[in-house]
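Please look over the structure shown below before reading on.

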Amino acid sequence: MLSASAVRAAMRPRDITSRGLHLLKQMALINGEWVGAASGRTFQVMNPAENSVVATVPDMNAEDTQKAIRAAADAFTTWQDVTAKDRSILLRKWYNLLVQNQNEIATIMTSESGKPIKESLGEVTYGNSFIEWFSEEARRINGEIIPSPQQSKQIFLTRQPIGPVALITPWNFPHAMIARKAGASLAAGCTCVIKPAEDTPLTALAMAQLAQDAGIPKGVINVITSDRKNAPEIGKLLCQSPLIAGVSFTGSTAVGKILYEQCADGVKRIGLELGGNAPFVVFNNADLNKAVQGAMVSKFRNCGQTCVSANRFLIQDEVFDEFVSMICDTMKTTLVIGNGKDEHVTIGPLINDNQMRTVKNLVDDAVAKGAKVMVGGKTAEKYGDKFFEPTVLTNITEDMAVYGKEIFGPVVVCIRFKDEQEALDIANCTRSGLAAYVYSNDIAQVFRVSKKLEFGMVGVNEGLISTTEAAFGGVKESGIGREGSSHGIDDYIYIKYVCLGNL
Ligand code: ADP
């Protein structure tokens, strides 16, 4: 829990553009230089709560990306040979600066993402923990010596960096998604080209400035900014350039599939963390207070815009009405809609018009097909044009889009089930497989259900599962690979077998 003074410090004074924040960068970073786009073009970064311009950054394209790739490739020739200990020290210095500047980074993040300031501070702390973790892991990327079947030979396995990598990240966690990719790749000895989301490039640029201040050599981290329309050409080049060894992407399933395909030709290493469609299963024997508490954090963090957000609430018959009534009451008494820079606010705006349309259409479709609105159900214009009321829907049927789609908004969709098998059938009836949640006080049931859930991560009687120490990732169409934990390094290394013969 962040102290009230930390939150206040992050919010003072309120107008970000007039503050002269030293981390508010309006240029991209290539080979240690802060540069504009070769074309001279720029685009505006908007504050979604206020519809105001926060900053203007370069609108880069393939030409600029090529320069960043070249810089990462040149830097790799030396960075791969920096000792593990020295890489660790540099990452630690970066971590220390990120901690020292957490309030300023959180302020920038809230301005460009709309995220409530407390959540931004929470994300910065979470993101920083990846840099800290990987500064430690950097020194433990050990090899193996394996007993040879012949006396004349010795078998060595070493773990080597794959080369320069491309890191493409989304807007919903502008800091943490970069931190867990960049931390792992730098620890492994890779250099990187980061392409942050068009909605939230400023957090990435602030982090890059601090990496530079920490003494991470030029070209090891490059950040290219671009508006949405240039993302496909940049993505294609990053996937297809022979200088790039691997791509790590967090974002939509649709874009992830494009990148996967584009990486095929060069047989590139790829890590994908894509959309989820998390079931939140509450059995009759569950502790309903804990279930509601877990549901609130899982559903309403970042206004429901996280890939591990509970998406389908599957509630067993006997406790259905009670759970619905409890969550409605809790929402009415605890959620505060508004501009994220106000420290009391817990529900900010949706990120952009597109997301607003998606959420509104999903709710309208459900209501038109007979869903019952228990709370909310409509836009909250009095706060701005991207706010949607926290909503609870019941009477859900399979023909409604909310039944199967990832909502990415503050909407609780409650579906009734009779028995364990039915819960599993509904939960697994999706091509997504990122996070799932189960509330039950029957240990045998917990064991059976968590084993059968076709998801990469399962929270048992817990709604908040993300942490640096654990392996984050999905199955099915939710992705490939794991981030965080000791496994987070694997995407960035390959195992080299050296055979020493004629001994
Ligand atoms: P979201 O729906 O959360 O915005 P996206 O998958 O659309 O998720 O975006 C995630 C990241 O992928 C952003 O940085 C975006 O600019 C980038 N992106 C979008 N389209 C492409 C593409 N065709 N190739 C590469 N990157 C892309």
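Does Cys 303 count as buried or exposed? The model is predicted, and in it Cys 303 has a relative accessibility of 2%. Buried means under 20% relative accessible area, so Cys 303 counts as buried at its 2%.

**Two residues with positive phi**

Cys 303 sits in the loop that runs between α10 (288–300) and β13 (310–316). Its backbone also deserves a look: phi of Cys 303 is near 60°, which is a positive value in a residue other than glycine. Most residues other than glycine have a negative phi. Asn 395 is another case, with phi near 55°, again positive in a residue other than glycine. Asn 395 also belongs to a loop, the one between β15 (391–394) and α13 (401–404).

**The ligand and its surroundings**

Which residues come nearest to the ligand? There are 16 residues around the ligand, and the nearest of them are Thr 169, Lys 195, Glu 198, Arg 228 and Ser 252. Sorted by class, the shell around the ligand holds 9 nonpolar, 4 polar and 3 charged residues.

| Side chain | Ligand atom | Distance |
|---|---|---|
| Trp 171 | oxygen | 3.1 Å |
| Arg 228 | oxygen | 2.6 Å |
| Ser 252 | oxygen | 2.6 Å |

How much of the ligand does the protein bury? Taken alone, the ligand exposes 550 Å², and the protein buries 87% of that area. Two elements, α8 (231–240) and α9 (253–264), each give two or more residues to the shell around the ligand. The largest share comes from α8, which supplies 3 residues.

**Domains**

The domain assignment divides the protein chain into domain 1 (4–275 + 479–497) and domain 2 (278–429 + 435–467). How far apart are the centres of domain 1 and domain 2? Taken over C-alpha atoms, the centres are separated by 30 Å. The domains also touch: 26 residues of domain 1 are in contact with 28 residues of domain 2.

Methods:
Residues are numbered from 1 along each chain as its sequence is written. This is a predicted model: local features need pLDDT of at least 70, side-chain atom pairs count only at pLDDT 80 or more; totals for chains, interfaces and linings use all residues. Side-chain values use heavy atoms; hydrogens and water are left out. Helices (H or I, at least four residues) and strands (E, at least two) are DSSP runs, numbered from the N terminus. Buried means under 20% relative accessible area, exposed over 50%, partly exposed in between (1.4 Å probe, protein chains only). A residue is near a molecule or strand if one of its heavy atoms lies within 4 Å of it. A polar contact is a pair of N or O atoms within 3.5 Å; within protein, one must be able to donate a hydrogen and the other to accept it, and residues adjacent in sequence count only if both atoms are side-chain atoms. Accessible areas come from the Shrake-Rupley method with a 1.4 Å probe; for residues, only the protein chains shown count as cover. Ala, Val, Leu, Ile, Met, Phe, Trp, Tyr, Cys and Pro count as nonpolar, Asp, Glu, Lys and Arg as charged, and the others, Gly among them, as polar. Domain bounds come from an automatic or database domain assignment. Contact means heavy atoms within 4.5 Å.
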